[in-house]
Amino acid sequence: MLPPNLISTYQGYKHDTDSIAGWLASTAKSCGFASDAVTDGPAKTAASARLKGKARAAAKKKNISAAKPAGVAKYTIKIKDFVPMAEFIASQRDVPVPTSLITTLRRVIDVRGGFGDRLAESGAVKDEVKDQKHGYFVGILGKVCDILLPRTKTSTAASASKDVGEREATAGTDDLANQFTALKVYEPSEDFMNAPDVERPQLSEATDVAYEAEAPNSLEDVIIATIMLINDLSKIRSRIEWIWSNWRDGFFDLAAAAIATNTAIDLARNLIDDVMPLIKGCGGLRKILSKVFMIQALTMGYNIPESSDLNALAYEAFDVADGTYILTHSTLESLANVVQAYDIPIYKEGASGHYNPRSNRAAKPGEQKYEEDRVLIMKFFTELMAVERGVPNYPVADEFLRGVKELAITKEVTFHLVFATQIFVDIHHTLRAGVGRGYDVLTRSLIFFETEIGEHLKYHKDMKLDNWPARNNMMVEQIRAKLRWVLNDPVYDVKLKLQETGQLLPDPLERNRILKMSPVLSGLMLYHFRAELWDVGIALANAWGSIAYSLHLYNALQTQGLKPGQWPDMDLVRTMLGDSNFWVGDAPETPEDYFKKFCLQMGTTAAAFTQNRRARIGLSSRAGPRGIKGGAPVSCMFMDRYLRNTGQVDLKAEDIAKIIELSLFETSGSEEEHTLILGQIDDPEKLNLKRKNRNKCSPETAKLHPEQLVRGLMFALQGETVEFAFPYTAMHRQCWSLLRAVRKHCDHLLRQAFTPSYMQRESELCFVVGYIFMDGQERKDSNLLSAAGVAVREFVRIKGSRMLGLLNALGMPVEFKTEQEAKEMGLA
C-alpha cells in the first residue's frame, strides 16, 4: 500500500470508505455477526506471490512445489449493511470504538454531505439525479456515526458533538466552492507538509482478509470522483506551469524540465485510471466533463438557459471550460473522426484560424483563445500522426505522442490524452514566442555532440585496447548517424512523400516543426543523446583508466605540496562523482597509500605490480579494475525509457518517490522569499542514511502530494544536470593527453628506474602513475613525482579548464567559490 499521502484525493476518499467498511465488517464478524455481508465468499482475490529466482531453484532441488500460496481474499461490503453491522457492534458491551473511525466518518461526510442536493438545485444534472437517492450514502454514514459515537471515549464524544445533520447541510456547498477554487489557484505545500498523517480505523484482528466498500455507481458519485480528479490534475498543471516558467527564466535545464513534465503526466495518467471505470460506466468522458463544466459554470455565476449551446457557453466561460478540459476534448474528438487507416491528417495553414504567439492572449475573448488552442493542437497533430504512420523508430516519445499512437489504433479520445494535449497547450501559453527556444537549445547541443564524436573517433583512430574493441567505435559511429538523422528530420521526409499520393502539404513545410513546437520532445531528445554520450564517456574512462589515474596523480601532487596548479576540470569531476569512485576508502595522503590505493583501484595488489616490473605478468584481478559507477543516479533511472525504449512508461507515485530518494542534492531556503538554494548533500550522516535506505521512501518524501513529487523530481534532476551533461569523452582525451605529457617529461627517469621496457604499448600509459608511486615508496630520494608535477603544472595551465569552457558554451557555466566566498554569499 502507498504511504498515506502518496495518493490522489480520490484514492484517499476511497481508502476512507474502504477502511470504514473494513472496520465494521471485521469487528462485526469477530463479535459473531451472522450475515452474507461478512460470511459469503470473496468478491475477488488479490494476486498472490510466487517463488522466484534462487528461492524457486532451491524449491526444485528439494522437490518442493513452487505453486502459488493462497492469496488475500477481498470482500465487498454493501452500503446497506453498514447500519445493521453498526447496530450489532453497539449492542456488544465490550467493543471499543476507535476515535479514528468517527474521524474518518466525518471526513467522508464532509466531502459528500449535501453534494447531491447542490447538484439537483443547480439544474445542471437535475433530470438524472432527481430519481436517485443522492443523499443515501451520506445518510447511511450519518446513522453509523450516530450509533457508534456514544461508544467512543467521553472526551472524543464531547469534541465531536457537532450535529451531523448541520454539517451535511453546509459542507457540500463549501466543499464544492473550495474544490473549484483549486482549479485556478495554486496552493503552497508547507501546510500540507506539516499536517499530521491521516489515521484510519484498522481491522479488528490480524487477518488475511481485506474489505472494500461497494463501488459507487450513481451520477452523483461519478461527478464527485471526477471533481476530485480534476482538482488533483489542476495542481499538477500548475506545477508544470511552474517548471516551464522557471525554464523560460533560465533556472531549469531543458532535459530536466521535459522529464519532470512527462513524469508528471505519467502520474496524472495513473490518477485518471483510478476514476475512468466510474466515468465509463456513467455515460462516458464527454458526458461527465460536460456535466462538471455546467456545474462549475453555475457555481461561478454564469446564467445557463435550458437549451444553451455548449460551445457558445464554453467560449463565454472560457476559464471554466479550460479548467474542465471540455474544449480540448472536443477538439480531439473532431480530429479522431478524420483519422483513417494509413493516412496522415494534414493541417492546412489558416484553415482553422491563426495563432500569433506575440499577441496578448489575456486581452482576447474566449472564442479567440479557443481558436489559438485549436490551431496549435491541429497543427501539431499532423506532426504526431506523421511519426505514428511513418517513423516507428523515432528516438523518443512523450505522453502526447504515446496517446496519439493509441488514438490512431482505437479512435478513442482518452482522458490522459486530453490531459497531455492540454499540457502541450499550456506550455505554449507559458512560453508564447519563446517556445522555439527549446529546439535552439537542442540543436546547439546536438551539433556539439556530433563534433565531440568526430573528435573521439579521430583521437582513437590508431589506438587499441582489449577493453575497448573496434566494435565500440562502430557503435559510436551509429550514434552519430542517428544524431544526423534527427537533425535532418525524418518527420519532414515522411510529409514530403505525401506528394506521391497527391495529398496536400502543410504550407509552409518546414523542417523539425515537431521539435520546434514541443519543448518537451526537444528536451527528451536532448536527454536521449546526452545519455548516449554520458554512457560512452563513462565507458571510455573505465576502459582506459584515464580520469581515475590522472586524479590519483593530481591528488598526490597536491597532498605532497608539489603545487601542480589548479585543475578546474578535474576538481569538478571529483566534486560530482565523489572520492568513492576513485579510491577504496578515503583519498590517500602518504607515499605508501598512494601506491597501495592505486593498485586497489587497478584491481591488483602492490606485490603483483612490483613483480610486474621484471616479469611482465598480468596485473588485473579476476574482478578487474574498479570503475566509475553510480553517477547521476536520478538521471540514469530514465535511461531505459528515453534511451533504450525498454523502461517503464507508467510511473506511479511510489516509483517517483523512490527515484527522488536517490538524489544526492537537497534544497534549503524558501521559494517565496527568493532564498531557495539547491546544493549537494555533504553531511556524512545524511549520505550514509541514504545509502542504507536505498529503494525506500523517507518519511519526508512519503508526505508529498503528487504535484509535490513532481517538484522534488524537478530539483533532483536539475541538481544532476552538470554531471549528466559533463563531456566525459572530452575529459578522457584531456586526461590521456596529460598522461602522455607526464610520460614524455619523465621518460628518462622511468627508464633509469624500470629499464626501457617499462612500457611496451600506449594502452599501458596508466601504469606510469603506478611506477611513479612505486618509486616514491621504495626510494626516499625519488624525484619522479616532482618531475611529474612539472609536467602536470604546465599541462593544466594551458588546458585545465577546457571542460568548463565547453559547459559554458552549452549554457551551463560553472564557477568555483572558496568556502569563505560561499559563506559570504549564503551558499554554505
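**Aromatic pairs, core and confidence**

Trainee: How many aromatic pairs does the structure hold?

Mentor: The structure holds 27 aromatic pairs. Rings of Phe, Tyr and Trp (its six-membered ring) pair if their centres lie within 6.5 Å; planes under 30 degrees apart count as stacked, over 60 as edge-to-face and the rest as tilted. One of the pairs is formed by Phe 380 and Phe 424, which are stacked with 4.4 Å from centre to centre and 15° between the planes.

Trainee: Which parts does that pair tie together?

Mentor: Phe 380 lies in helix H18 (residues 366-390) and Phe 424 in helix H20 (residues 415-431), so the pair ties together parts that are 44 residues apart in sequence. Helices (H or I, at least four residues) and strands (E, at least two) are DSSP runs, numbered from the N terminus.

Trainee: Are Phe 380 and Phe 424 buried or exposed?

Mentor: Both Phe 380 and Phe 424 are buried. Buried means under 20% relative accessible area, exposed means over 50%, and partly exposed lies in between, with a 1.4 Å probe and protein chains only.

Trainee: What kind of model is this?

Mentor: This is a predicted model, in which local features need pLDDT of at least 70 and side-chain atom pairs count only at pLDDT 80 or more, while totals for chains, interfaces and linings use all residues. Residues are numbered from 1 along each chain as its sequence is written, and side-chain values use heavy atoms, without hydrogens or water.

Trainee: What is the mean pLDDT of the chain?

Mentor: The mean is 84, and 80% of the residues reach 70 or more. The pLDDT is the predictor's confidence in each residue, from 0 to 100. Among the elements of the chain, H20 has the highest mean pLDDT (98), and helix H11 (residues 190-194) the lowest (37).

Trainee: Where does pLDDT stay under 50?

Mentor: One such stretch is residues 154-196, for which the model has 70 contacts beyond four places in sequence. Contact means heavy atoms within 4.5 Å.

Trainee: New topic: how many residues has the largest nonpolar core?

Mentor: The largest nonpolar core has 251 residues, and those with the most contacts inside it include Leu 24, Trp 244 and Phe 415. Such a core is a set of buried Ala, Val, Leu, Ile, Met, Phe, Trp, Tyr and Cys residues joined through side-chain atoms within 4.5 Å.

Trainee: Which helix gives the most to this core?

Mentor: Helix H13 (residues 254-280) does, with 17 residues.

Trainee: What is Phe 415 in contact with?

Mentor: Apart from neighbours within four places in sequence, its contacts include Leu 229, Ile 272, Met 276 and Tyr 325.

Trainee: Which Arg lies over the face of Trp 247?

Mentor: Arg 437 does, at 4.0 Å from the ring centre. Likewise, Arg 239 lies over the face of Trp 242, at 4.4 Å from the ring centre. A charge sits over a ring if NZ of Lys or CZ of Arg is within 6 Å of the ring centre and within 35 degrees of the ring normal.

Trainee: What is phi of Asn 512?

Mentor: Phi is near 60° there, a positive value in a residue other than glycine. Most residues other than glycine have a negative phi. Asn 512 sits in the loop between helix H23 (490-497) and helix H24 (513-517).

Trainee: Is Asn 512 buried or exposed?

Mentor: Asn 512 is buried, at 3% relative accessible area. Thr 755, with a positive phi near 75°, counts as partly exposed at 27%.
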